[in-house]
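Subject: Structure handover

Hello,

Here is the structure I promised to pass on. Please open it alongside this note.

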Amino acid sequence: MTHTPRLPLLAGLPLAVGAGLAIPVQGRINGALGVRLNDGIAAAVVSFSTGLILIAAIALLLPKGRAGLTRIVPALRKRSFPRYYVLAGGVGAFFVFAQSTTVGLLGVALFTVATVTGQTLSGLLVDRLGIGPGGKRGITGVRIMGSVLTIIAVAWAVSPRFGNAADAGLLLLPLMLPLAAGFLMSFQQAMNGTATLHYGTPIAATLVNFVAGGILLWMVWGIKVAVAGAGNPLPGEWWYYLGGPMGCIFIGLAAVLVRGLGVLVTGLGMIAGQLVGSLILDLVVPAPGSVVALPTILGTILTLAAILVATLPWPRGAFRR
């Protein structure tokens, strides 16, 4: 096994926030692409394919990337970790599909609330089970408090953008997709973190993610085309193709960070990045219907406070359950 450096909290948490900044950008791009193509599956295929091309080029060009590639097959043969971990990319494929198909319907606000709720709850579970490379981390009262506070803060931050749905029940089914995608993200991060430990680099783990997710999406899209036909032709604007590279950023960074920070704290840091990134997007490049109000700003600040609650070095065993 090749050991990767364990980042301290003060260095790792800002990186997690930085990785989270890429998620709302990716969501805005993939959601717009899904609407433009009139095909959420095709948009997810485009996003994953561009990400695969980029990470494959990085893996082949960098010496560390090439070294990581040579360790993939031996690690699987020796069963250094459960072989189904290579399917973690399927979670990423599902997340991108959820973005492409529901952001246009729900808006970034509701999509964010659903994914954050799922990710925060599963972060506690994954840490407790010890699935990630950092081992088991106890569920303490403080960590639960920080998680609940995060969900409340995110809901408050996006509340000005909820709007008045004529029938809120119509949104229940679409909300299940991002909720499930967010819940599975913590498992993906834990599996990628473990794989990175054995590959020696997050480049290899990210590449395996994009290969697995890309294969899955191409298969699903092929079935969809056979049954219902293709959507609209690909757009000519270059920015529609940046969703995949954004995915490379947060998948790769998360794979490194979960070892030192744990799945929950990594997820909370990325959630803070999501809110800050969404706030910046709405201020600089506002989407139709976007609102930046006082609750948006205060909710973002409260989210940062919630992360501090969950990550402060409380006495060992305090409020442990």
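Predicted model: local features only at pLDDT ≥ 70, side-chain atom pairs only at ≥ 80, totals over all residues.

**Salt bridges**

How many salt bridges does a search of the whole structure find? The search finds two.

Take E237 and R36 to begin with. Their side chains meet in a salt bridge, at 3.3 Å from N to O. E237 sits in the loop between helix 7 (202-228) and helix 8 (243-261), while R36 belongs to helix 1 (residues 9-37), so the pair ties together parts that are 201 residues apart in sequence. E237 has a relative accessible area of 33%, so it counts as partly exposed. R36 is partly exposed too, at 34% relative accessibility.

K224 and D39 make the other pair. Their closest N and O atoms are 2.9 Å apart. D39 has a relative accessible area of 4%. The cut-off for buried is under 20%, so D39 is buried.

As background, side chains of opposite charge can pair when their charged atoms come close.

**A nonpolar patch**

Now look at the surface. Which residues form the nonpolar patch there? They are L21, I280, L283, V284 and V285. Together they have about 460 Å² of accessible area. Helix 9 (residues 263-284) gives the largest share of this patch, with three residues. I280 is found in helix 9. Its relative accessibility is 45%, so I280 counts as partly exposed.

**Helix packing**

Two helix pairs are worth a look, and helix 8 takes part in both.

Start with helix 2 and helix 8. Their axes come within 6 Å and cross at roughly 60°. The two helices are therefore oblique to each other. Their crossing is right-handed.

Next, turn to helix 8 and helix 9. They pack at an angle of about 135°, with their axes 7 Å apart. Angles over 145 degrees would count as roughly antiparallel, so this angle makes helix 8 oblique to helix 9. What is the handedness of the crossing of helix 8 and helix 9? That crossing is right-handed.

Best wishes

Notes. Residues numbered from 1 in each chain as written. Heavy atoms only, no water. Salt bridge = Lys/Arg side-chain N within 4 Å of Asp/Glu carboxyl O. Helix = DSSP H or I, 4+ residues; strand = E, 2+ residues; numbered from the N terminus. Buried < 20%, exposed > 50% of the residue type's maximum accessible area, 1.4 Å probe, protein only. Patch = residues over 30% accessible without salt bridge, like charges linked within 9 Å, V, L, I, M, F, W, Y side chains within 5 Å. Areas by Shrake-Rupley, 256 points an atom, 1.4 Å probe, with all protein chains shown as cover. Axes fitted to C-alpha atoms, helices over the stretch in contact; angles between N-to-C directions. Parallel < 35°, antiparallel > 145°, perpendicular 65-115°, else oblique. Left-handed = near helix turned anticlockwise from the far one by under 90°.
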